[in-house]
Every structure is written in structure tokens, then in C-alpha cells.
Amino acid sequence: MQKITKEVYLKWYEDMYFWRKFEDKLAAVYIQQKVRGFLHLYNGQEAILAGALHAMDLTKDKMITAYRNHVQPIGMGVDPKRVMAELYGKATGTSQGLGGSMHIFSKEHRFYGGHGIVGGQIPLGAGIAFGDKYHDRDAVTLCCFGDGAARQGSLHETFNMAMLWKLPVVFVCENNGYAMGTSVERTANHTDIWKLGLGYEMPCGPVDGMNPIKVAEAFDEAIQRARRGDGPTFLELKTYRYRGHSMSDAQHYRTKDEVAEYKKIDPITQVKEIILEKKYATEAEIKVIDKRVRALVDECEKFAEDSPYPEKNVMYDAVYDQEDYPFIQHKL
């Protein structure tokens with residue numbers, strides 16, 4: 001893993017601050033009904049992505065995740081303007097406006113979604129890793145999912161196959177405590193989700209998901225293991241989301257005091273404090289970064305606002321009717 005230098009800390013701060021402000025803007029335009037459907041925000045979990053990207057080789061490694069998926073593709077290299085345009089349903093979006101919030105995708109940047117089905121990406125992540133191993137591509141796939149998805153039966157089938165075939169995949173449970181709105185304590189007899197890996201003799205363990213340094217170190221070890229051909233790892237990243245499960249979440253299952261306590265260990269604040277403590281930047285220089293971030297968010301918003309909606313016929317480009325489809329009998 002690359003050394004965590006002054007430049008890394010400054011990049012972490014600017015990236016995480018941008019991801020936060022980008023999604024804050026999405027929340028604002030969602031209320032204005034400019035973004036429709038579901039909207040699941042990543043606020044509070046940014047250290048996981050920052051640390052993961054530091055450990056990955058972005059020229060070949062891949063990522064797949066669930067529906068809380070706006071900032072990951074940006075981190076992987078996708079133009080944030082196109083991500084925001086996709087949420088607006090505009091033709092300039094990553095999927096021409098047809099995917100929306102939960103289905104951001106970029107083959108070019110090796111980001112494979114964005115999946116609305118809870119846990120649906122877990123076997124797909126192993127499948128991508130199988131393809132890389134089969135074709136000897138020396139790539140590793142990060143397969144991310146939430147604590148709610150960890151209860152899906154497909155996780156166990158996937159873990160078994162991944163260990164059997166020593167697939168180059170890192171399974172990542174982003175445990176933000178409440179799934180859709182039910183605490184981990186109420187969904188299983190155990191609260192240490194990482195221990196699910198023990199049944200398959202898969203290397204596994206918990207990680208402080210609010211600290212990008214701890215995240216980067218854990219990911220580096222897991223990615224190197226996979227790249228050597230030693231198979232998968234299962235990491236439970238213990239984190240916290242500051243907003244609800246989605247924009248429609250009233251959050252009756254937790255108190256404001258609890259959220260306030262977790263905001264004391266905000267990953268953005270943690271990195272900023274290190275930057276100031278080590279004199280990597282002054283308050284004035286950080287304000288310059290903040291101003292640059294806000295300007296870029298405004299650019300993304302303007303791009304999405306000014307972009308056209310797709311033509312109606314685009315909706316049908318990926319849909320076909322095969323008249324002689326087998327097994328279907330048309331009754332007179």
C-alpha cells in the first residue's frame with residue numbers, strides 16, 4: 001500500500017468533503033422533486049470509500065455495491081456531473097437517465113452498480129471475480145453490501161463457492177447499524193457480522209469504518225491476499241449513516257442524541273484534525289478547498305439542470321420482442 005502522506009490526507013479530505021456536499025445537494029433537490037424515486041445517501045460512511053480507493057489499483061480492480069451508490073463511481077473516476085445527471089433522469093447521465101439513483105454503472109471505470117435488490121450484488125461480485133480468475137486478469141473485486149443484506153441466504157452460497165474456488169474478491173459489510181430501520185441486535189442472535197466468515201474458514205474481522213487509515217490498512221491486506229491467489233476476505237466495516245435509510249425514512253428507531261454522538265467521530269472531521277495537527281494545511285487553505293468543492297457541486301447541479309431529458313424511444317432500445325421465442329405458445 002502507498003504510504004499515507006500529506007498529499008493523501010489532503011486528497012481524502014477534499015474527496016470526502018465533496019462526496020458529502022454532493023449528496024447534501026441531492027437531498028436538497030430531492031425535496032424540490034427534481035430527483036425522483038428512492039434516494040439513499042452515504043453521509044457518515046465516506047471513510048470506507050476513501051480507505052478502499054487508497055488500497056485498490058484503479059487501473060484493474062473492480063467494485064460492486066448496493067443502492068447507496070452515488071459517490072463510489074465518482075471515486076472510481078466517473079464524472080460527477082454525469083452521476084448527478086443520472087439522478088435527474090437526464091440523457092447525459094451514466095445510463096442516459098434510465099437507471100436513476102440506485103443503478104449508477106460504469107464499465108469504463110469498472111464500477112458494476114448500483115443494485116436495488118437487497119444482497120443481489122453479492123453473488124454477482126463473486127461472479128466478476130471468477131471471470132477475472134478464469135481470464136488471469138490479476139484484478140480484485142470489492143463486493144460491498146449492508147448489514148441487512150448479510151441476512152440473505154445467497155451470501156452463504158457465495159461465501160462457500162468463493163472459498164472453494166479461491167476467488168479474488170473482498171466481501172465488505174458496511175454495517176451502519178440499522179439496515180433499513182431495524183437494529184442488528186434485533187435481526188440475529190449475534191452482533192458480530194464478521195464472524196459469518198468463520199464457518200467457511202474465510203479470513204475475516206471487524207474494522208473501524210469511521211477511520212480511513214484503519215480502512216486502508218485492512219483493505220490493503222485483503223486485496224494483497226486476493227491478488228496472491230489466496231482467496232477471499234470478509235471485512236465488517238463498522239460505520240454509521242447520519243441520514244435515514246432513504247429520504248423517506250422518519251428515523252423513529254434512533255434518537256437525535258445518538259446521531260450527535262456519532263458525528264463527534266465524523267471521518268471528515270477526523271482527517272481535518274490530523275491535517276491541522278500535522279500542519280499539512282492551514283484553516284485558510286482548507287477554506288480554499290471547501291470553496292473549490294462547493295463550486296464543483298454547483299457545476300454538477302447546473303449540468304444536470306441544463307441537460308435534456310432522453311427521447312422516449314431510448315426507453316425501448318434495450319427491450320426487444322422475439323416473436324419465435326421458445327416455450328411460449330400463443331393460444332388462438
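Is Q96 buried, exposed or partly exposed? At 42% relative accessibility, Q96 counts as partly exposed; buried means under 20% relative accessible area and exposed over 50%, with partly exposed in between (1.4 Å probe, protein chains only).

## Basis of the model

This is a predicted model, in which local features need pLDDT of at least 70, side-chain atom pairs count only at pLDDT 80 or more, and totals for chains, interfaces and linings use all residues. Residues are numbered from 1 along each chain as its sequence is written, and side-chain values use heavy atoms, with hydrogens and water left out.

## Annotated domain

An unreviewed UniProt entry carries the annotation "domain: Dehydrogenase E1 component" for residues 15–311. UniProt positions are given in the numbering used here, feature names are shortened, and annotations may be inferred rather than shown by experiment. Residues 15–311 are 43% helix and 9% strand, and the end C-alpha atoms of the span lie 34 Å apart. Helices (H or I, at least four residues) and strands (E, at least two) are DSSP runs, numbered from the N terminus.

## Backbone features

Q96 has a positive phi of about 60° although it is not a glycine, and its place is in the loop between α4 and α5. G114 is found in the loop between α4 (80–88) and α5 (121–134). The peptide bond that leads from G113 to G114 is cis, with omega near 25°.

E201 is another non-glycine residue with a positive phi, of about 55°. The loop between β3 (169–175) and β4 (204–208) holds E201, which is exposed, with a relative accessible area of 70%.

## Surroundings of I64

I64 lies in strand β1 (residues 62–64) and is buried, with a relative accessible area of 1%. Not counting residues up to four places away in sequence, I64 touches Y112, G113, H115, Q121, L124, G125, I128, T141, L142, C143 and C144; contact means heavy atoms within 4.5 Å. I64 and A226 are 162 residues apart in sequence and 16 Å apart in space, C-alpha to C-alpha.

## Salt bridges

The structure holds 21 salt bridges, each defined as a side-chain nitrogen of Lys or Arg within 4 Å of a carboxyl oxygen of Asp or Glu. K62 is bridged to D132, with the closest N and O atoms 3.0 Å apart. K62 lies in strand β1 and D132 in helix α5, so this pair ties together parts that are 70 residues apart in sequence. Both K62 and D132 are buried.

D24 forms a salt bridge with K21, at 3.9 Å between the closest N and O atoms. Because D24 and K21 are three residues apart in helix α1 (residues 6–31), they are separated by about one helical turn. D24 is partly exposed at 23% relative accessibility, and K21 is partly exposed at 29%. In the salt bridge between D192 and K195, the closest N and O atoms are 3.4 Å apart. D192 counts as partly exposed at 24% relative accessibility, as does K195 at 40%.

## Aromatic rings

Rings of Phe, Tyr and Trp (its six-membered ring) pair if their centres lie within 6.5 Å; planes under 30 degrees apart count as stacked, over 60 as edge-to-face and the rest as tilted. By this rule the count comes to 14 aromatic pairs. F105 and Y112 form an edge-to-face pair, 5.7 Å centre to centre with 80° between the planes. F105 is partly exposed, with a relative accessible area of 37%. Y240 and Y242 form a tilted pair, 6.3 Å centre to centre with 50° between the planes, and both Y240 and Y242 are buried. Ring pairs also link F145, F159, F171, Y200 and F234 into a cluster.

K263 lies over the face of Y242, at 5.7 Å from the ring centre. The charged end of K90 sits over the ring of Y309, 4.8 Å from its centre. A charge sits over a ring if NZ of Lys or CZ of Arg is within 6 Å of the ring centre and within 35 degrees of the ring normal.

## Cysteines

A search of the whole structure finds zero disulfides, a disulfide being a pair of cysteine sulfur atoms within 2.5 Å. C143 is in no disulfide, and the nearest cysteine sulfur, that of C144, is 6.9 Å away. C143 is buried, with a relative accessible area of 0%. The sulfur of C204 is 12 Å from the closest cysteine sulfur, in C173, which is too far for a bond. C204 is partly exposed, at 23% relative accessibility.
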